[in-house]
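Please read it alongside the structure shown below.

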Amino acid sequence: MLLAGAGLSQFIPGDFAAESVWPDSVAVAFPYIQKFILHAFDFNLTEYCTAVLRRQHLPGEALRGTSRSAPWYIRYFSMTVKIPISDESYQDVLNWVRERQVKNAKHSDVGDRNQACPISGSTRACTNFIPEIRASQFWFRGRQFEIDQRVADSTDCMLVSTTGHGSNAIFKDMLVEVKKYKEIKNEGKTVIYNGNSGYWHCGKGGRKRKRPLESVILEDGVAESFLEDIQDFKDSAKWYTEFGIPYRRGYLLHGPPGTGKTSFISALAGHFDLNVCILNLGQKNLTDKSLNQMFLDAPENSVILLEDVDAVFGNRAEDKSKNGILSFNGLLNAIDGAASAKGRILFMTTSYLEKLDSALIRPGRVDVKQYIGNATESQVERMFRRFNTACSDEDAKRFVRAIFDRPERPHISLAQLQGLFLRFKRKPADIFSGLATLYE
Ligand SMILES: Nc1ncnc2c1ncn2[C@@H]1O[C@H](COP(=O)(O)OP(=O)(O)OP(=O)(O)O)[C@@H](O)[C@H]1O
């Protein structure tokens with residue numbers, strides 16, 4: 001079977017899926033037969049079948065159903081599901097298997113002491129024993145499974161197989177379990193996917209504690225208007241269908257660097273329980289086709305974020321991106337591509353609105369444009385109070401005046417201010433002495 005799409009029920013039968021000749025009773029008894037053979041003869045059926053199946057998946061055939069040329073005993077004794085790397089569940093299955101194995105892995109790699117543990121996400125220095133997963137086994141509901149990422153010597157799909165015969169219910173159960181595991185793991189977190197080599201990856205550090213919206217200090221009313229707009233969009237699926245309008249919404253945040261554009265998008269995603277899929281348009285090998293596919297393959301419940309779009313297509317005269325592969329029209333086509341039934345939310349950010357081609361930001365591609373500027377008096381005061389919870393009103397006002405009553409009145413970003421607060425986090429009363437550094 002080939003698992004298609006992110007849904008759990010979308011199994012596409014392999015070549016010989018209909019050839020079930022065994023009664024259900026045999027299917028039920030199979031795990032016991034399998035265990036008996038393992039213990040009595042020390043012969044691992046699952047491993048053997050997977051090894052044979054792997055050889056069947058010759059280069060170029062990786063995504064086709066299991067070949068009919070597999071020997072009959074393999075066809076009857078094994079069940080497989082192939083999960084394409086583009087499928088959302090690919091990484092989830094790997095993480096789930098790792099977690100099951102980590103306590104007692106026989107073949108492990110010693111994890112990097114200074115990197116976040118891929119299982120716990122903890123960044124504490126530790127010696128992690130990470131199960132070697134490229135070809136390994138695990139048990140689920142009394143059956144042994146083998147997982148193999150080396151199918152066809154390529155990495156574009158993995159094969160999960162088990163011995164036995166019957167319906168694909170066991171795989172569905174497994175994927176339900178994987179989904180539950182993922183939900184627990186992601187609770188209270190915003191999952192960040194990075195688009196790379198044509199796929200969405202959620203690597204180490206890809207799960208971040210949700211950023212509270214209040215922690216992003218914007219001009220009055222901005223956050224509220226976005227909350228309202230996105231909520232309205234989420235509630236309007238029927239309206240879009242009735243009027244034949246593609247169910248998607250585009251937002252552009254523009255303004256100087258360090259003013260909170262990315263932080264705001266991340267906080268909004270957290271508020272609406274959405275993932276963030278970040279795509280760097282300047283990356284090598286990104287083609288019109290792969291960009292389009294990535295838009296279509298974005299994990300469910302995600303916002304797609306294109307940061308600093310001006311850096312790639314800043315000059316109207318340029319049709320090709322700097323790496324010369326992705327074209328401007330390719331980008332427009334991807335943005336205009338099919339929207340999913342759940343709706344697609346696209347965010348773009350730029351520090352140079354004037355550099356953007358009007359075609360990129362016309363209504364339909366960008367529905368809401370919002371300027372996010374340098375700190376205003378109100379923002380400075382709110383940030384001061386946030387970092388100095390014990391401060392008096394008088395201190396807060398004095399701090400604001402100390403910044404804004406200077407003759408040169410610099411443009412200060414909230415990122416600069418945050419830096420100042422961090423420097424004085426242990427002695428907030430001394431912060432006035434550090435103000436001069438804002439003007440350097
Ligand atoms: N309005 C804000 N409220 C709270 N924190 C902010 C704000 N603006 C910036 N920061 C802080 O400054 C840092 C940089 O912010 P962020 O990356 O969101 O800015 P940006 O506008 O996206 O910058 P760039 O355009 O350079 O990508 C973050 O650590 C963030 O916490």
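1. Asp288, Leu291, Asn292 and Phe295 in helix 9 meet the residues Gly330, Leu331, Asn333 and Ala334 of helix 10, where contact requires C-beta atoms, placed from the backbone, within 7 Å. By class, this contact comprises four nonpolar, three polar and one charged residue; Ala, Val, Leu, Ile, Met, Phe, Trp, Tyr, Cys and Pro count as nonpolar, Asp, Glu, Lys and Arg as charged, and the others, Gly among them, as polar.

2. This is a predicted model, in which local features need pLDDT of at least 70, side-chain atom pairs count only at pLDDT 80 or more, and totals for chains, interfaces and linings use all residues. Residues are numbered from 1 along each chain as its sequence is written.

3. The axes of helix 9 (residues 288-297) and helix 10 (residues 328-336) cross at roughly 20° and come within 9 Å, the axes being lines fitted to C-alpha atoms over the stretch in contact, with angles from 0 to 180 degrees between N-to-C directions. Helices are DSSP runs (H or I, at least four residues), numbered from the N terminus. Helix 9 and helix 10 are therefore roughly parallel to each other, a term for angles under 35 degrees.

4. The ligand is surrounded by 15 residues, the closest being Pro257, Gly260, Ser263, Leu414 and Ala415, with a C-beta atom, placed from the backbone, within 6 Å as the criterion. Both domain 2 (207-371) and domain 3 (377-439) give residues to this shell, so the ligand lies between them; the bounds come from an automatic or database domain assignment.

5. Eight residues of domain 2 are in contact with nine residues of domain 3.

Note on methods
Helices (H or I, at least four residues) and strands (E, at least two) are DSSP runs, numbered from the N terminus. Angles under 35 degrees count as roughly parallel, over 145 as roughly antiparallel, 65 to 115 as roughly perpendicular and the rest as oblique. Two residues are in contact if their C-beta atoms, placed from the backbone, lie within 7 Å.
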